[in-house]
Amino acid sequence: MIQCKTSKAIGGMGHSLKRKEDARFIQGKGNYVDDVKLPGMLYMDIVRSPYAYAKIKNINIEEAMKVPGVVAVVSGRDLEKYNLHWMPTLMSDTQMVLPTDTVMYQSQEVAAVIATTKYAARDGREAVIVEYEPMKPVIDPFKSLDPSAPVLRSDKEGKTDNHIWNWKAGDKEKTDTLFETADVVVKEQMHIPRIHVASIETCGCVADYDKVNNHLTMYMTTQAPHAIRTVIALVAGHVGLTEEKVRVIAPDIGGGFGGKVPVYPGYVIAIAVSFLVGKPVKWIEDRSENLQADSFARDYHITAEMAGTKDGKILGTRFKILADHGYTDASANPSKFPTGMFSIATGSYDYGTTYMECDAVYTNKPPGGVAYRCSFRVTEAVHAIERITDRFAFEVGKDPADLRMQNFIKKEDFPWKSPTGWIYDSGDYHAGLQKAMDALNYNDLRREQAEKRAKGELMGIGISTFTEIVGAGPSKDFDILGIKMFDSAEIRVHPTGKAIARFGTKSQGQGHETTYAQIIAEELGIPAENIAIEEGDTDTAPYGLGTYASRSTPTAGAAAAIAARKLRDKARKIAAYLLEVSEDDLEWEPGKFFVKGAPEKSKTIQELVFAAYTNHPQGMEAGFEATHYYDPPNLTFPSGAYICVVDIDRETCEIKVRRFVAIDDCGNIINPMIVQGQVHGGLTQGIAPAMYEELIYDEAGNILNGTFMDYLVPTAVESPNWETGHTVTPSPHHPIGAKGVGESPTVGAPPAIANAIVDALSPFGITHLDIPITPFKIFKALKEKGVF
Amino acid sequence: MTKTITVTVNGTAHTAEVEPRLLLVHMIREVLNMTGTHIGCDTSSCGACTILLDGKSIKSCTVLAVQANGKSITTIEGLAPEGGPLHPLQEGFKENHGLHCGFCTPGMIMRCVELLEHNNNPTEEEIRWGISGNLCRCTGYNNIVKAVQWAGAKMRGEETPSTEPEFV
């Protein structure tokens, strides 16, 4: 049971408060970007390349301009006149807005058609005739580094190959020596496939440039509105759009998952066109465009190795990665680390040595490297360590649960410094795994499995005990284009004791309107229902870096608590004045100050707020407002213990997830109902890449599953009934002891599922299968082992 | 070339001149300016645009506006009287945390209206298959199942199950 310090009426932390934002969503009154309709608005559609790599010989717009309603067709040559045909990526690489000469991936934007209606824009798009001269693309990242491969980024002066960067961490010499001498060494080659966040709302915007006032309002699907405003000012300042003339509004967002962090060419083209014609321009991409051209996630080829003793002690790990970034490095890893947080790959285990290295390459695929609901490459890291840990357990003949218990970092050893330098704040890994094992009677399942194996049936049990690293981040390591990754909260309490609070983050379904109100209610005793929460408008909200990487609670949540504490301090001063006692004689309970030993002498928070406007002590500033910008001293390290049970049909190779128990530890819990909801959703986005999702390209660079017909987002039928629970190990450095939870399940679930499937197949000597693990992949693996 | 059609939407008759190729979902959103019905794909896969056409749940991106001529439509906006009591499904989704971002929610609820009309006491499996034409990327479906069961109980006049989250 979670203990609450406040009454249900106040609704502070620990209460499963129903969500405040739901009223509009269940009645069709949400306000998403495609719902924005402005007078005189034009519609934009985009011509896209059918080729992965080709020279543009000619763009003929003659027929398109004859289509009734079409007002303009814009190409890269048109943008070039304003120096708007290129833009920077979040990783300080460069990306075409529209090409002038060459297309670099299939479905790349080639030209934009502007028209008075959506249908006219589409008709115009079909009438644009582009002549291409196709070239042989580089699709396989391993071949990308071949000396005979064409240099794709010939736009970069002096570039002689397709290598982007090399990154390394850990101690190479010590690790190499260990691997030469260790009794047991295991190794697997694994691909974490290219996938897509596929939020049900696609991306889009309405760019509204007002010529009279030289002012741009940008309604946009963005997880980071302030950062976008600054980027717009940096890119378009030279044409007069300086930062005070730009307002970014992120209205309700239909799911983000990292896919709404980057700046896509469509946004920039819409701004450029609105700027030129002085009318609002709406661009809403189709699902197919979204899957085929917007940022992908993952696509890491990892060689993972583990060294240890014969009795199961882990001694060291080694990881070698090849990262396929597509045509440009448009990753969202706003840190000093081009691999984001991959160096968390040492996992939840106590050992001293690791070495990891990554090379990134260009190919003729769409750019990206966003997170798909994960904190900058943590999913790749966790998959590698959790798979290779199981491989090691198999090699030394130990139960994977026992082996994990043997190697976990002990709770008394926190804070714990990892071999790559992270300071894990807190955790109790033994308690989490034990709770998960108890929840499904682990030992009984192993007995059942032994009986089934004797009969030739395929049953598997898979474990994943992961450590996440979230809440980016401390300003020494994290920034977006130089702007440090703090976040902010501003609280204004009105004379009648009701409040509005504004934040630099932006909910995409996480429930901020409820949970932020609960944090403030906890600190001030004002009922959460009386606290309005606002985000997403850069004209009103304090500057912040947005919502992704499970950072809202660790950063803006902390800012809310501290801003509220500033107000409580002010309330204490007013209470001392009104009650004619010293501040030290006052005691706080949620909602009021009272005199120690005389609880009948008290003032409620509402009375104190009213006094701040009507009867405040002389010399005190009137009003009741506070702002805080929070720069976290460390990241937070949520953890989890997940166990998955699968049954595989021996004839059809169909996989059935029989049970899945997820025990998460995200520190102190703000709203148990919302935390559970986040875990449910993340688990379904975990089973997705484990069993269904992958963006597949053929040798010519054609995407083979670029629509919802064949990119398999799990339905309610594929998604099992999730069983969830928690342990609570507060973060010692966070003001409310919370850690963040949105991404833990996406990170932790895929290796639990993969480990369960491989466990089921282990009697045949199968030690690894790449995700997504499909019935056909199992059939092929079993056939190789002579089963069929 | 346009065609004049009359469609009754949430009880009100609307007459409009439309192109024969206009999708019903575009008529609802762009011509009638009712934006509660959403668009999440271009292949009739996601179900975000689900509405009731003569009482039957359909994906309005797969029907032409002219095919709805003379027919009656219910969208999420018409499910409960404005300011009046919510439909049990709307209440069930809110009480059971059956939504996060809210984008799939209108389509999901409209699909479930028909589901419960056919069977007001569905099993978990019947609900999961019943909503398998509607994608949700946020919730993992657990609480949507719970919301539909809760609404079913309410529609049957029975005591509704607890909405507190259950943990192992």
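In chain A of this predicted model, strands β27(A) and β28(A) form a hairpin with two residues between them. A:G591 lies in the turn and has a positive phi of about 105°. Strand β27 covers residues 586–589 of chain A, and strand β28 covers residues 592–595. The two pair in the antiparallel sense over four bridges; pairing requires that DSSP find at least two bridges between the strands. A:E589 has A:K592 in β28(A) as its bridge partner. Strands here are DSSP runs of E of at least two residues, helices are runs of H or I of at least four, and both are numbered from the N terminus.

Residues are numbered from 1 along each chain as its sequence is written, while chains are lettered from A and ligands numbered from 1 in the order in which they are written. As the model is predicted, local features need pLDDT of at least 70, side-chain atom pairs count only at pLDDT 80 or more, and totals for chains, interfaces and linings use all residues.

Chain A holds 19 helices and 33 strands. Its radius of gyration is 28 Å, close to the 28 Å that the globule rule gives for 788 residues, so chain A is as compact as a globular protein of that length. The radius is taken over C-alpha atoms, and the rule is 2.2 Å times the number of residues to the power 0.38. Along the principal axes, the C-alpha atoms of chain A fill a box of roughly 85 × 75 × 50 Å. Of the 788 residues, 59% are buried. A buried residue has 20 or more other C-beta atoms within 10 Å of its own, an exposed one 12 or fewer, and a partly exposed one a count in between, with C-beta atoms placed from the backbone. Contacts require C-beta atoms, placed from the backbone, within 7 Å. In chain A, 79% of the contacts with a separation of 6 or more involve residues 24 or more positions apart.

One residue of strand β23 (residues 483–484) of chain A is A:I483. A:I483 is partly exposed, with 16 other C-beta atoms within 10 Å. Beyond its neighbours within four places in sequence, A:I483 contacts A:A227, A:T230 and A:L545. A:P334 is 149 residues away from A:I483 in sequence, yet their C-alpha atoms are 9.7 Å apart.

An automatic or database assignment sets the domain bounds. In chain A these are domain 1 (22–30 + 473–630) and domain 2 (436–470 + 636–788). Their C-alpha centres lie 39 Å apart. Each domain gives 15 residues to the contact. On the domain 1 side, α14 (512–524) and α15 (552–579) each give two or more residues. The largest share, six residues, comes from α15(A).

Chain B has five helices and five strands, in the order β-β-α-β-β-β-α-α-α-α from the N terminus. Buried residues make up 57% of chain B.

Between the chains, 44 residues of chain B contact 51 residues of chain A. In chain B, α2 (88–95), α3 (105–118), α4 (124–130) and α5 (142–155) each supply at least two residues of that side. The largest share, four residues, comes from α2(B).

Technical notes. Two residues are in contact if their C-beta atoms, placed from the backbone, lie within 7 Å.
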